[in-house]
Amino acid sequence: MDVRIGVIDTAKEIDVELAADADRHQIRSSIEHALADDDRVLWLTDRHGREVCVPSAKIAYVELGSPDSERRIGFGAG
């Protein structure tokens with residue numbers, strides 16, 4: 001599952017590719033908890049075990065990808 005996070009005051013997004021077995025409900029709950037207060041942070045762990053932290057006060061939006069979506073790259077995409 002992919003998570004895309006828009007950050008306030010920057011044009012770049014943070015893309016985190018979660019493990020294939022990531023629990024969508026649990027991830028969504030973590031996001032909602034972090035966004036409930038500007039003093040909190042959102043922690044996500046990508047499929048390689050790296051941890052990403054984003055202060056909730058800087059989050060503009062969060063987009064959850066489909067759990068079964070596949071990345072399409074190259075000329076065959078589309």
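User: Two strands pair if DSSP finds at least two bridges between them. In which sense do β1 and β2 pair, and over how many bridges?

Analyst: β1 and β2 pair in the antiparallel sense, over 5 bridges. Helices (H or I, at least four residues) and strands (E, at least two) are DSSP runs, numbered from the N terminus. The model is predicted, so local features need pLDDT of at least 70 and side-chain atom pairs count only at pLDDT 80 or more, whereas totals for chains, interfaces and linings use all residues. Residues are numbered from 1 along each chain as its sequence is written, and side-chain values use heavy atoms, leaving out hydrogens and water.

User: Which residue of β2 is the bridge partner of Asp2?

Analyst: Asp2 has Glu17 of β2 as its bridge partner.

User: What is the strand order in the open sheet?

Analyst: The sheet has 3 strands in the order β2-β1-β5, with antiparallel pairing. Its edge strands are β2 (13–17) and β5, each of which pairs on one side only.

User: Turning to the core, which residues form the largest nonpolar one?

Analyst: There are 11: Val3, Ile5, Val16, Leu18, Ile27, Ile31, Ala34, Leu42, Leu44, Val54 and Ile59. Such a core is a set of buried Ala, Val, Leu, Ile, Met, Phe, Trp, Tyr and Cys residues joined through side-chain atoms within 4.5 Å. At least two residues come from each of β1 (2–7), α1 (24–35) and β3 (41–45), and the largest share, 3 residues, is supplied by α1.

User: Which residues of α1 are buried?

Analyst: Ile27, Ile31 and Ala34 are buried in α1; buried means under 20% relative accessible area, exposed over 50%, and partly exposed in between (1.4 Å probe, protein chains only). These three lie on the same side of α1, because they cover an arc of only 65° around the axis. The arc is taken from the directions from the helix axis to the C-beta atoms. The buried residues of α1 pack against β1, β3 and β5.

User: And what does the face turned away from that side carry?

Analyst: That face of α1 carries the exposed residues His25, Arg28 and His33.

User: What does Ile27 contact?

Analyst: Beyond its neighbours within four places in sequence, Ile27 is in contact (heavy atoms within 4.5 Å) with Val3, Leu18, Leu44 and Leu64.

User: Which residues does Ser56 touch?

Analyst: Setting aside residues up to four places away in sequence, Ser56 touches Ala34, Leu35, Asp37, Asp38, Asp39, Arg40 and Val41.
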